[in-house]
Amino acid sequence: MSGVALGVEIVVVFFLALFLLHRYGDFRKQHRMVLFATLLAWFLCFLIVFILPLDVSTSIYNQCKINSNKEKVAVSTEFSNQSSNSSSPTRSPKEVCHKPWSYIPDGILPVFWRVVYWTSQFLTWLLIPFMQSYARSGGFSISGKVKTALIENAIYYGTYLLIFCSLLIYVAVSPKFNLTWSQLQVIGITAANTWGLFLLVLLLGYGLVEIPRSYWNASCHGHLLAKTYFKAAKLMTEKADAEENLEDVMEDVRSSSEAIKYNNPLRKCIDTVLRKCPTEYQEKMGRNMDDYEDFDENRNPCPSKKSLVKLHKQVIYAVQRHNRTQVQWQMLLEEAFHLEDVAKNEVSAAHQFVHSFPSTEPPGWLSRYLYTPTVEWYWECLLRRWFYRALAVTLMLFSVVVVWSECTFFSTRHVLSLFAIFIQLAERDYNYFYIEMACFFTIFYLCYCVYSTVFRIRVFNYYYLAPHHQTDAYSLQFSGMLFCRLTPPLCLNFLGLIHMDSTISGQQREQTAYTTIMGSMKVLPFIAKGFYIYYPMLILLLCIATYYSLGTRCLNMLGFQQFMGESHMTTDLVDEGRELIRRERRKRQRTEDGENRRREWRERYGDPREKCSGRNRNAYSELKENNESLMNSSAFAPVSRRDRSDQTELLQDAEPLDFNAEEPVETEDRRYTGGRYLSTSLSRGRIFDDV
């Protein structure tokens, strides 16, 4: 049963990571190595979160066995003493521990954690940073991209090497420590976890407040609609900027393509750049280019390979940004239309949800039988707001418990951490299912606060996780790198909250296999007894700052427009977004009205093109029959000389007329000057003179 539980969780976690990667990445366009590295990073991080509760229950069971063995030894000692002194009372041993349903045998978890942890560290510190630079490089060969990635990561690797060497020198010089290989591993793990804990507290302090508030605001329909209008105004500005940037980059590509001719050695490079351009720009530049022209009429300077590498990088970024803004604009329009439909249907007395733009796809069995228009009306207009408010209150209480436990988990003599109290109460009765569920929901909420913040933050246009397959390779790998750095310190912080880490609790008890792999933090006491204990208290200050939106106000003062209800800039952007949505609604309404009219016309009168083509075929057949009959009737009729001369004159006058002339030209033997006549009496050598 234990192996089944571990295998099922591994399979579930793999498909969860695959689903998220499919939502944010693009399996068809992005490089396979980028997708594989991101999938592996997400999978390992989620796996740590799901397997850690099983490790906790297994360690509690092992502690129970140790206590039971000690109890048996004590009972046997008392029994031997009782044989010498029959008057002493006897003491019965405690009940034997029951093995949990998800028990993992000894020796499996240490190997499992060692493989998972060191693989994730290899990804986050070595492989993913290298692949980020490789994916962003504009090189035209593998060797060129590798060289660029190594140069860009030289400073990156050097910084972390300097930090590690500083800690190594501190431990080597200190007379208290004898430096060994195990202690060297602990120093590396401590350095990585310290960096991760520093960032973890910042993200967790934001998520503990923002997530409950976001669900509460989602229950307020007016607030949600105003924020959608605000997003529409900002996204339209970004969309226009992306289109302008793409136009500028395509102009540079066009000039470079015209300067580099077919016989230039750099022609292959510019062809690679052209294949990355959108289809409409490729066709436009293809029409204006002659591949067999080996001279430059405008004398444009030929670009170098270095400039083409830079141009290639700009094209990749501009096309990705343009496509992302286009898809986001369409998704935001759908969201705005839906929210406006909810506002209209709230006052409806029919209690049936009516969409302004019904879906063109046929309804599935779920929409026909379960999610009917009546059910949709009750959910969207009545039940959804109360469900979101109840969920927001529940998450708010959970956040208060987390903040309290983070500020008091260092107290071991008097246990104040609520999570530690819950686990210890369940440990007394050896209720392993409750222990695993409590651990899972606690660590899941912590991860949700941290990971959702990672998915929400946006570092200008360099890092941005956009759904609907619009996330670039750099952002995907950056998220995987952050997950691998944040998950190990988050798990250590969770074990400290429930007092399962002996370094913090100071208790002599059976350690989890995960803590064993992390090593003893006593090698660096100023981190184990100082930073790891008191730094998480900063979460309280960050939660207060997030509650009063201090970060949002600072960004708004710096010129980055943020949604603030009392700001005049927010009001102007909301009005602008409302007008944009209204304009797009009218445009879509006109399009659908035109489609409906054409559909009604086809249903009533049929397809006019088919009728027209049938009518032309009938007229052509009738005309052909009439000509054949006339030819047959006049085949043997005598023709006079006058009639033959008239026919010859008519044939000579029926010359083709060229309407492409810029000015009227008078021919030698004709007085008509309304166009240019192409004489049929010209020689064969002059037929292709104008081609």
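Okay, let's start at tyrosine 134, which is in helix 3, residues 108–136; helices here are DSSP runs of H or I, at least four residues, numbered from the N terminus. Before I go on, this is a predicted model, so local features need pLDDT of at least 70 and side-chain atom pairs count only at pLDDT 80 or more, while totals for chains, interfaces and linings use all residues. Residues are numbered from 1 along each chain as its sequence is written, and side-chain values use heavy atoms, with hydrogens and water left out.

Back to tyrosine 134. Its relative accessible area is 21%, so it counts as partly exposed; buried is under 20%, exposed is over 50%, and partly exposed is in between, with a 1.4 Å probe and protein chains only. What does tyrosine 134 contact, leaving aside neighbours within four places in sequence? That would be Ile142, Lys145, Val146 and Ala149, where contact means heavy atoms within 4.5 Å. Threonine 148 is 14 residues along the chain from tyrosine 134, and their C-alpha atoms are 7.2 Å apart.

Now, rings. The structure has 33 aromatic pairs. Take tyrosine 24 and phenylalanine 455: a tilted pair, 5.0 Å between centres and 40° between planes. For the cut-offs, rings of Phe, Tyr and Trp (its six-membered ring) pair if their centres lie within 6.5 Å, with planes under 30 degrees apart stacked, over 60 edge-to-face, and the rest tilted. Phenylalanine 112 and tryptophan 113 are both buried too. Ring pairs also tie Tyr24, Trp42, Phe46, Tyr451, Phe455 and Phe483 into a cluster.

Charges over rings, quickly. Arginine 485 puts its charged end over tryptophan 125, 4.0 Å from the ring centre, and arginine 588 lies over the face of phenylalanine 357 at 5.5 Å. The rule is NZ of Lys or CZ of Arg within 6 Å of the ring centre and within 35 degrees of the ring normal.

On to the cores. The largest nonpolar core has 90 residues, and Trp42, Trp113, Leu208, Ile498 and Tyr514 have the most contacts inside it. A core here is a set of buried Ala, Val, Leu, Ile, Met, Phe, Trp, Tyr and Cys residues joined through side-chain atoms within 4.5 Å. Which helix gives the most to this core? Helix 2, residues 32–84, with 19 residues. Apart from that core lies another, of 18 residues, including Leu246, Met250, Met285 and Leu308.

Last, helix 20, residues 568–605. Its 38 residues at 1.5 Å each should span 56 Å, and the end C-alpha atoms are 55 Å apart, which agrees; the expected span is 1.5 Å times one less than the number of residues. Among its buried residues are Leu573, Gly577 and Glu584, and the buried residues of helix 20 pack against helix 6 (221–259) and helix 9 (305–345). Just after helix 20, glycine 606 has a positive phi of about 80°.

Technical notes:
Helices (H or I, at least four residues) and strands (E, at least two) are DSSP runs, numbered from the N terminus.
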